[in-house]
Amino acid sequence: MVGLLQAPLGTRLFDRMKNEGRLVKTFSGDNVDGSTNIIPKMGLESLREGYRRILSQIYSPDLYYKRIITFLREYKPSRIRVHFEMQYILAFLRSIYRLGIKGVERVQYWRLFFWTLFRRPRLFPLAITFAIYGFHFRRVVSLHVT
């Protein structure tokens, strides 16, 4: 996830920002809600606008799935052991329905699905996991960023 920096109480960053007079009282602890307790040198509104712009692009299906394929193409795993449990099979089937049939990322999901199956089959569970993460990231962003 991409989030805005916050300075928690008791950290060196908190002490430094306090000494520089760059702290605000509110602290949500949620680094993806678009808030920060730091007064940035660039200005708070510029920071928030840049953050919104990044979030509007970084998890878009086309860009996100391209990054997954790039990662899988270059990734050299040690030994991947997959323990098949019913919950994993159910998650896989839900991903087919929610991402591959119903989702806005259908095309990208199936491209990743078949690319991985034919080119890096050992990484197939990881590819599906990343696809599910992307769905989660887009949901979190839609809840926090307007």
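These notebook entries record what I looked up in the predicted model of one protein chain.

**Entry 1, ground rules.** I am working with a predicted model, in which local features need pLDDT of at least 70 and side-chain atom pairs count only at pLDDT 80 or more, while totals for chains, interfaces and linings use all residues. I number residues from 1 along each chain as its sequence is written, and the side-chain values use heavy atoms, with hydrogens and water left out.

I looked up the secondary structure and found six helices and zero strands in the protein chain, in the order α-α-α-α-α-α along the sequence. Helices here are DSSP runs of H or I with at least four residues, strands are runs of E with at least two, and both are numbered from the N terminus. For the extent of the chain, I noted that its C-alpha atoms fill a box of roughly 55 × 30 × 30 Å, taken along the principal axes. The radius of gyration is 19 Å, whereas a compact globule of 146 residues would have one near 15 Å; the radius is taken over C-alpha atoms, and the globule rule is 2.2 Å times the number of residues to the power 0.38. I also looked up burial, and buried residues make up 32% of the 146 residues. Buried means under 20% relative accessible area, exposed means over 50%, and partly exposed lies in between (1.4 Å probe, protein chains only). The areas come from the Shrake-Rupley method with a 1.4 Å probe, and for residues only the protein chains shown count as cover.

E105 counts as buried because its relative accessible area is 2%, and R138 counts as buried at 16%. Elsewhere, salt bridges that share partners join E45, E49, R52 and R53 into one network. Within it I looked up E45 and R52, whose side chains meet at 3.8 Å, N to O; E45 is partly exposed at 49%, and R52 is partly exposed at 27%.

Patches are made of residues with over 30% relative accessible area and no salt bridge, with like charges joined within 9 Å and nonpolar side chains (Val, Leu, Ile, Met, Phe, Trp, Tyr) within 5 Å. I found a nonpolar patch of about 530 Å² made by F84, M86, I89, L90 and L93. F84 lies in the loop between α3 (61–74) and α4 and is exposed, with a relative accessible area of 68%. L90 lies in helix α4 and is partly exposed at 39%.

A positive patch is formed by R94, R98, K102 and R139. For this, Lys and Arg count as positive and Asp and Glu as negative, while His and the chain ends are not counted; the place of a charge is NZ of Lys, CZ of Arg, CG of Asp or CD of Glu. K102 lies in the loop between α4 (86–101) and α5 (106–119), and K102 counts as exposed because its relative accessibility is 55%.

Is Y51 buried or exposed? Y51 sits in helix α2 (residues 44–58), and at 5% relative accessibility Y51 counts as buried. The C-alpha atoms of Y51 and G34 are 7.5 Å apart, with the two residues 17 apart along the chain. For L90 and E20, 70 residues apart along the chain, the C-alpha separation is 52 Å. I also looked up R122, placed in the loop between α5 and α6 (124–144) and exposed at 53%. From R122 to S35 I noted 87 residues in sequence and 40 Å in space, C-alpha to C-alpha.

Conventions: Salt bridge = Lys/Arg side-chain N within 4 Å of Asp/Glu carboxyl O.
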